[in-house]
Amino acid sequence: MKLCRWFTCILLLAAVSFAAAAQESDNSAYLSSFRADFDGSSSKLAQLAEAIPEELYSWRPAEGVRSVSEVFMHVTQANLALAGFLGLDSEVDMPENPEKSVTAKEAIMKHLAESQEHVRATLDTLSEADLGGMVNAFGQEMSRYQVLMILGGHSHEHLGQMIAYVRSNNIAPPWSGG
């Protein structure tokens, strides 16, 4: 009987410890999952930025469609803006009209990495309780959940676009094995 009580006490202590640790982390399963997904798409975008030769940064599939450099700078700007809607303004120094003015591979990769780190820093400031809070984004009220969904979808949208760009130029995405 004493062994059973002792075992029950151990289980109760473990449950209380687990609950306390979960409360201390203040980071929801959604935020953790979102961050893992964002890290994956961001890593692949960065790998593509590295794999594309600089002479192809001005390439575009057709007139009126964003060039390679313009897509990467568009993603950069969106990362910074969406993180701002979530509550953390950027200290990244961006030139005016960066889609047109930033065309060098090294500068683009630097700005892209900074914007991705800014999103991660923003995610670190959020708690589960913050996610349902309303913000003004693009002139309309939406929850932080909605902003995160836009951010994740946007990252994946342009990852797919860049995969098509590199494949159109006979470049295999580095993670694809060919």
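1. Helix packing. The axes of helix 2 and helix 7 (residues 144-168) come within 10 Å of each other and cross at roughly 25 degrees. Because angles under 35 degrees count as roughly parallel, helix 2 is roughly parallel to helix 7. The crossing is left-handed. Note that this is a predicted model.

2. Who makes the contact. On the helix 2 side, the contact residues include Tyr-30, Leu-31, Phe-34, Phe-38, Leu-45 and Leu-48. Asp-37, Ser-41, Ser-42 and Lys-44 of helix 2 also take part. Helix 7 contributes, among others, Tyr-145, Leu-148, Met-149, Leu-151, Leu-159, Met-162, Ile-163 and Val-166. By class, the contact of helix 2 with helix 7 holds 14 nonpolar, six polar and two charged residues.

3. Salt bridges, overall. The model has eight salt bridges. Three of them are taken up below, each with the exposure of its partners.

4. Arg-120 with Asp-39. These side chains form a salt bridge at 2.6 Å, N to O. Arg-120 sits in helix 5 (residues 105-125) and Asp-39 in helix 2 (residues 29-51), so the pair ties together parts 81 residues apart in sequence. Arg-120 has 12% relative accessibility and counts as buried. Asp-39 is partly exposed, at 27%.

5. Glu-70 with Lys-100. Here too the side chains meet in a salt bridge, with 2.6 Å from N to O. The pair links distant parts of the chain: Glu-70 is in helix 3 (residues 68-86), Lys-100 is in helix 4 (residues 98-101), and they are 30 residues apart. Lys-100 is exposed, at 52% relative accessibility. The cut-off for exposed is over 50%.

6. Glu-114 with Lys-110. The closest N and O atoms of this salt bridge are 3.2 Å apart. Both residues belong to helix 5. Because they are four residues apart there, about one helical turn separates them. Glu-114 is partly exposed at 27% relative accessibility. Lys-110 is also partly exposed, at 46%.

7. Network. Salt bridges with shared partners join Arg-35, Asp-39, Glu-117, Arg-120 and Asp-124 into one network. The Arg-120 and Asp-39 pair of point 4 belongs to this group.

Technical notes:
Residues are numbered from 1 along each chain as its sequence is written. This is a predicted model: local features need pLDDT of at least 70, side-chain atom pairs count only at pLDDT 80 or more; totals for chains, interfaces and linings use all residues. Side-chain values use heavy atoms; hydrogens and water are left out. A salt bridge is a side-chain nitrogen of Lys or Arg within 4 Å of a carboxyl oxygen of Asp or Glu. Helices (H or I, at least four residues) and strands (E, at least two) are DSSP runs, numbered from the N terminus. Buried means under 20% relative accessible area, exposed over 50%, partly exposed in between (1.4 Å probe, protein chains only). Axes are lines fitted to C-alpha atoms, for helices over the stretch in contact, and angles run from 0 to 180 degrees between N-to-C directions. Angles under 35 degrees count as roughly parallel, over 145 as roughly antiparallel, 65 to 115 as roughly perpendicular and the rest as oblique. A crossing is left-handed if the near helix is turned anticlockwise from the far one by less than a right angle, and right-handed if clockwise. Contact means heavy atoms within 4.5 Å. Ala, Val, Leu, Ile, Met, Phe, Trp, Tyr, Cys and Pro count as nonpolar, Asp, Glu, Lys and Arg as charged, and the others, Gly among them, as polar.
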